[in-house]
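Subject: Structure handover and findings

Hello,

Please look it over alongside the notes below.

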Amino acid sequence: MTAEHWLDKHLLSAGDILFARSGATVGKTYLHHTSFDPAVYAGYCIRFRFKADVLPEFVYGFTKTKAYALWVAAIQRPVGQPNINKEEFKSLEIPVPPRDVQRRLVAELHTARSERDRVLAEVERLLGSIDGIVKEQLKLPIVKLSRQSGYAIRLSTLKSNKTLSADYFHPERMVAIRAIQAIQNAPLSQLVRFKRDIAKVSEGVRYIGLASITSNTGQLSDAKETATGQCIVFERGDVLYGRLRPYLNKVWLADTDGECSTEFHVMQPSDQKVLRPEYLAVVMRTSLIVAQTKHMMTGNTHPRISNEDVKNLLIPLADDSAQKIIVEETLSRQAEAVRLRAHGENVWRKARERFEQQLLQGDKP
């Protein structure tokens with residue numbers, strides 16, 4: 001088969017639905033829209049196209065119901081890794097009402113999804129605005145990064161440092177450092193005690209892994225992780241900072257004692273009159289820090305920031321009153337974000353339940 005024939009065979013058309021057939025995402029679905037054309041699909045997906053009497057949007061809506069989730073859980077084979085083959089997907093039975101009923105059900109789902117998307121966009125705006133609070137309270141200078149496609153550094157600069165990585169001197173990182181140097185600052189090593197209390201993972205204690213913390217928000221996710229072997233013991237008030245792929249920005253202020261992955265740096269401010277732990281957690285998530293760490297990674301498969309580089313991170317400081325304002329405003333916006341997200345997910349959950357009820361049980365008041 002030529003490359004052109006292969007491409008034609010695997011091109012997606014509007015209304016195609018992809019079903020993930022293996023791995024952790026088995027059973028998940030995607031409805032293709034022309035806004036992403038041209039597009040092809042991955043080998044671990046199965047593509048389906050539907051007859052004229054069935055709306056693809058209706059089938060896609062059915063895959064968001066509890067009935068579909070139960071079918072996936074019952075039919076997948078857990079041997080090796082979860083998987084469902086093409087013939088098994090073909091055996092999936094879906095109630096198909098008249099097209100006018102399909103349109104109505106799809107329209108109701110679309111309205112709920114649009115409301116959820118609007119709410120989640122507001123959540124992102126709220127959480128993203130925290131960066132601005134920090135910059136405003138610290139009176140950081142306005143810095144602009146030129147959109148240059150390349151940059152150069154002097155050999156003498158390389159020789160005077162401990163690293164030969166050109167990305168270490170990326171303009172974005174240099175701009176962030178200069179901005180922090182314009183105000184009161186200190187290396188992280190002078191502000192915190194790095195805790196490395198190694199222990200064996202305990203039973204019955206929630207284990208905090210990287211997936212347990214959502215990127216950029218400082219909040220815990222719904223992921224319930226388990227592990228064996230070693231872990232780090234942390235205490236309430238400690239700040240956990242993920243050193244693997246630091247651009248993911250996984251930072252959490254512990255609100256309880258517990259155990260976490262050894263991929264975290266566990267930090268405790270040496271003097272809370274100088275550095276509040278709540279303020280440290282906020283600052284570690286700002287673009288000023290990410291602009292430093294994203295250019296300090298080493299390793300290809302699992303890029304990390306080295307222990308020494310973490311210790312040398314420049315942290316912007318402020319007096320206690322400014323730290324308090326930043327922390328209180330951050331907590332307020334995070335609480336509002338949690339409320340909004342819960343509202344959006346509740347709207348979407350009720351819409352899916354209503355869809356399933358009308359489809360499987362008939363329209364009941």
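First, the ground rules. This is a predicted model, in which local features need pLDDT of at least 70 and side-chain atom pairs count only at pLDDT 80 or more, while totals for chains, interfaces and linings use all residues. Residues are numbered from 1 along each chain as its sequence is written, and side-chain values use heavy atoms, with hydrogens and water left out.

**Cores**

The largest nonpolar core has 47 residues. Such a core is a set of buried Ala, Val, Leu, Ile, Met, Phe, Trp, Tyr and Cys residues joined through side-chain atoms within 4.5 Å. Buried means under 20% relative accessible area, with exposed over 50% and partly exposed in between (1.4 Å probe, protein chains only). Leu138, Leu188, Met267, Tyr279, Leu280 and Met284 touch the most other members. Elements giving two or more residues include H5, H6, H8 (171-181) and S9 (239-242). Helices (H or I, at least four residues) and strands (E, at least two) are DSSP runs, numbered from the N terminus. H9 gives the most, with six residues.

Leu280 touches Leu188, Val192, Val239, Met267, Pro269 and Leu275, leaving aside residues up to four places away in sequence. Contact here is heavy atoms within 4.5 Å. Another core, of 26 residues, lies apart; Phe89, Trp348, Ala351 and Leu359 are among its members.

**Helix H6**

H6 spans residues 130-138. Its buried residues are Ile130, Asp131, Ile133, Val134 and Leu138. They sit on the same side of H6, because they cover an arc of only 160° around the axis. That arc is taken from the directions from the helix axis to the C-beta atoms. They pack against H5 (99-128), H9 (277-284), H10 (287-293), S15 (314-316) and H12 (320-360). Lys139 follows H6, with a positive phi near 55°.

**Strands**

S9 pairs antiparallel with S10 (251-253) over three bridges. S9 also pairs antiparallel with S12 (264-269), over four bridges. Pairing requires at least two DSSP bridges between two strands. Val239 stands opposite Leu253 in S10, and Leu240 opposite Val266 in S12. Val239 and Tyr241 point one way from S9, Leu240 and Gly242 the other, and all are buried.

There is also an open four-strand sheet, in the order S6-S8-S11-S7, with mixed pairing. S6 (198-200) and S7 (207-208) are the edge strands, each pairing on one side only. S6 and S8 (230-234) run antiparallel, joined by three bridges. Ile198 stands opposite Ile232 in S8.

**Aromatic rings**

The whole structure holds nine aromatic pairs. Rings of Phe, Tyr and Trp (its six-membered ring) pair if their centres lie within 6.5 Å; planes under 30 degrees apart count as stacked, over 60 as edge-to-face and the rest as tilted. The Phe19 and Phe89 rings have centres 5.0 Å apart and planes at 50°, so this pair is tilted. Phe19 lies in S1 (17-20) and Phe89 in H4 (86-90), so the pair ties together parts that are 70 residues apart in sequence. Both Phe19 and Phe89 are buried.

Tyr168 and Phe169 pair edge-to-face, 5.5 Å centre to centre with 70° between the planes. Both Tyr168 and Phe169 are buried. The charged end of Arg173 sits over the Tyr168 ring, 3.9 Å from its centre. The criterion is NZ of Lys or CZ of Arg within 6 Å of the ring centre and within 35 degrees of the ring normal.

Best wishes
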